[in-house]
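Hi there,

Here is the structure I promised to pass on. Have a look at it first, and then read on for my notes.

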Amino acid sequence: MMRKTRAAGTLALGATVALLAAGCSGGSDGGSGDGDVSMTFWHNSTTGPGKAYWEDTVAAFEAANPGVTIDVQSIQNEDMDGKLQTALNSGDAPDIFMARGGGKLADVVEAGQIMDLTDTIDEATRTNVGAGFDAFTVDDKVYGMPTAVLPGGIFYSQDLFDEAGITAPPTTVDELNDAVADLKAADISPIALGGKDAWPAAHWYYFFALRECSQDTLETAAASRSFDDPCWLAAGEKLQALSGTEPFQDGYLTATAQQGAGSSAGLIANHKAAMELMGAWNPGVIAGLTPDEKPLEDLNWFPFPDTGDGAGDPAAFMGGVDGYSCFVEAPPECADFLNFFMQKEHQEAYAEAFVTLPASKEAQGVVTEPALQSILEAYNEAPYVSVWLDTLYGQNVGNALNAGVVEMLAGDGTPQTIVDAVNAAAAME
């Protein structure tokens, strides 16, 4: 608001992400046994059940740990990355902050700004999360506590598909193009996109790259910082071809992804558009934007379609693992809090509040939302899962990639200018 397993970014059970939430108050008071302790906690749930969940969980932790207080601050998701970078660079970072792994996490580790949690994780949590910790592992050390598994795919309104006469979700890009045509013929906006936030638009390029590029190519690029394989250009060309069918709603380049009825999630929530490519946090976001602020009953999901000629496995996934980390100067109670909210009751409450997939396997029984159940089933069968590319390749490359995709969609760039921009950003590191 968004991993490493076997190499530079592929996961088995947990997958990605991109932003790290931020804050202030790096100079926490004391530590275990030193009297009263205060910590600052920044997260990205600004309204609704998610915000209430963190307030309740913090209150429960404080009640169980007299003398410990946590100042909870909620930050708009799109503001997090810049705030954290500023806070970390100033040495006045939050004690507890959101983390999503990948190259951005590795950069924070290299800068010595994050706490090594390897020896502080409860054994029960380590067992229940399993490979999800790979998302927060750098050089065999763990730097974050996973809270949610967030693979991506295409969410859709079953009611609008039925209205357009679409009898099955697309499995190939050709079938996706057919669905777009059927929806337009029924006077339904086919795909909602929050282009103003950049990353939702870039997600389309990411998934085309996942289908066009092999697993080895994705991983090698993280180390080589070279994006000259023909698959990177092919991914842009496939997205450009899709864009040429005009599948997105009017004004998509100025629309936000998650803020209000006019956002891409809001269009899905109010049946103003049929599809949206997004991560598994989307059902919770959509639920907060429906007229009754309840989950959308006809919401369903399908994996990103096969391009038919790419080197990537058509069953591969991309996505993220949301989690939380501790500032390097945070007191020991920070790690205690991370272990606390991973207890079964709190992970179950997290899944229910955010309408998402909890990282702890023992809490996944509370997942009843049909779209999430479909995601979990397909995800568990995936041959590999890559993190979001802007997370995998770090902030500089990620920003160049996201901006390049938006420029192309706006008619100011081409598939080649995306590749050129990414290579130029990588060369400056």
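What volume does the largest cavity have? In this predicted model, the volume of the largest cavity comes to about 50 Å³. Its lining is made up of Tyr-205, Phe-227, Trp-232, Leu-389, Tyr-393, Val-397, Leu-401, Val-419 and Val-422. Sorted by class, that gives nine nonpolar residues, with no polar and no charged ones. Two helices, α16 (394-409) and α17 (415-427), each contribute at least two residues to the lining.

Next, some helices.

Helix α14 covers residues 370-380, and its buried residues include Ala-371, Leu-372, Ile-375, Leu-376 and Tyr-379. These five names sit on the same side of α14, because they cover an arc of only 135° around the axis. What do the buried residues of α14 pack against? Their partners are the strands β7 (145-157), β10 (299-302), β11 (317-326), β12 (357-358) and β13 (385-387), together with helix α11 (282-287). At the start of α14 there is also a side-chain to backbone approach: an oxygen from the side chain of Glu-369 comes to within 2.7 Å of the backbone nitrogen of Ala-371.

Helix α12 (residues 333-340) is mostly covered, with seven of its eight residues buried. Those buried residues are Glu-333, Cys-334, Ala-335, Phe-337, Leu-338, Asn-339 and Phe-340.

In helix α8 (residues 215-224), the buried residues are Thr-217, Leu-218, Glu-219, Ala-221 and Ala-222. Just after α8 comes Arg-225, which takes a positive phi of about 60°.

Asp-140 has a phi near 70° and belongs to the loop between β5 (137-138) and β6 (141-142). Val-355 has a positive phi of about 50° and lies in the loop between α13 (344-354) and β12. Are these two residues buried or exposed? Asp-140 counts as exposed, at 73% relative accessibility, whereas Val-355 is buried, with a relative accessible area of 14%.

Thr-147 is located in strand β7. Its relative accessible area is 0%, so Thr-147 is buried. Which side chain does the side chain of Thr-147 meet in a polar contact? The partner is Tyr-350, at 3.4 Å. Beyond its neighbours within four places in sequence, Thr-147 is in contact with Asp-322, Gly-323, Tyr-324, Phe-341, Met-342, Gln-347, Tyr-350, Leu-357, Pro-358 and Ala-359.

Thr-307 sits in the loop between β10 and β11. With 14% relative accessibility, Thr-307 counts as buried, because the cut-off for that is under 20%. Its side chain makes a polar contact of 2.8 Å with the side chain of Glu-212. Not counting residues up to four places away in sequence, Thr-307 touches Val-173, Phe-208, Arg-211, Glu-212 and Lys-238.

Ile-114 is placed in the loop between α3 (102-110) and α4 (123-129). This isoleucine is buried, with a relative accessible area of 7%. If residues up to four places away in sequence are set aside, Ile-114 touches Phe-97, Leu-105, Val-108, Val-109, Tyr-143, Ser-325, Cys-326, Phe-327 and Val-328. Between the C-alpha atoms of Ile-114 and Asp-95 the separation is 9.4 Å, and the two residues are 19 residues apart along the chain.

Where is Pro-291? Pro-291 is in the loop between α11 and β10, and at 72% relative accessibility it counts as exposed. Apart from neighbours within four places in sequence, its contacts are Ala-269 and Asn-270.

Best wishes

Note on methods:
Residues are numbered from 1 along each chain as its sequence is written. This is a predicted model: local features need pLDDT of at least 70, side-chain atom pairs count only at pLDDT 80 or more; totals for chains, interfaces and linings use all residues. Side-chain values use heavy atoms; hydrogens and water are left out. On a 1 Å grid over the protein atoms alone, a cavity is a set of points where a 1.4 Å probe fits but cannot get out, and a pocket is an open set with protein on both sides within 12 Å along at least five of seven lines; lining residues have an atom within 4 Å of a point. Grid points are joined across faces, edges and corners, and a volume is the space filled by probe spheres set on the points. Helices (H or I, at least four residues) and strands (E, at least two) are DSSP runs, numbered from the N terminus. Ala, Val, Leu, Ile, Met, Phe, Trp, Tyr, Cys and Pro count as nonpolar, Asp, Glu, Lys and Arg as charged, and the others, Gly among them, as polar. Buried means under 20% relative accessible area, exposed over 50%, partly exposed in between (1.4 Å probe, protein chains only). The arc is that of the directions from the helix axis to the C-beta atoms. Contact means heavy atoms within 4.5 Å. A polar contact is a pair of N or O atoms within 3.5 Å; within protein, one must be able to donate a hydrogen and the other to accept it, and residues adjacent in sequence count only if both atoms are side-chain atoms.
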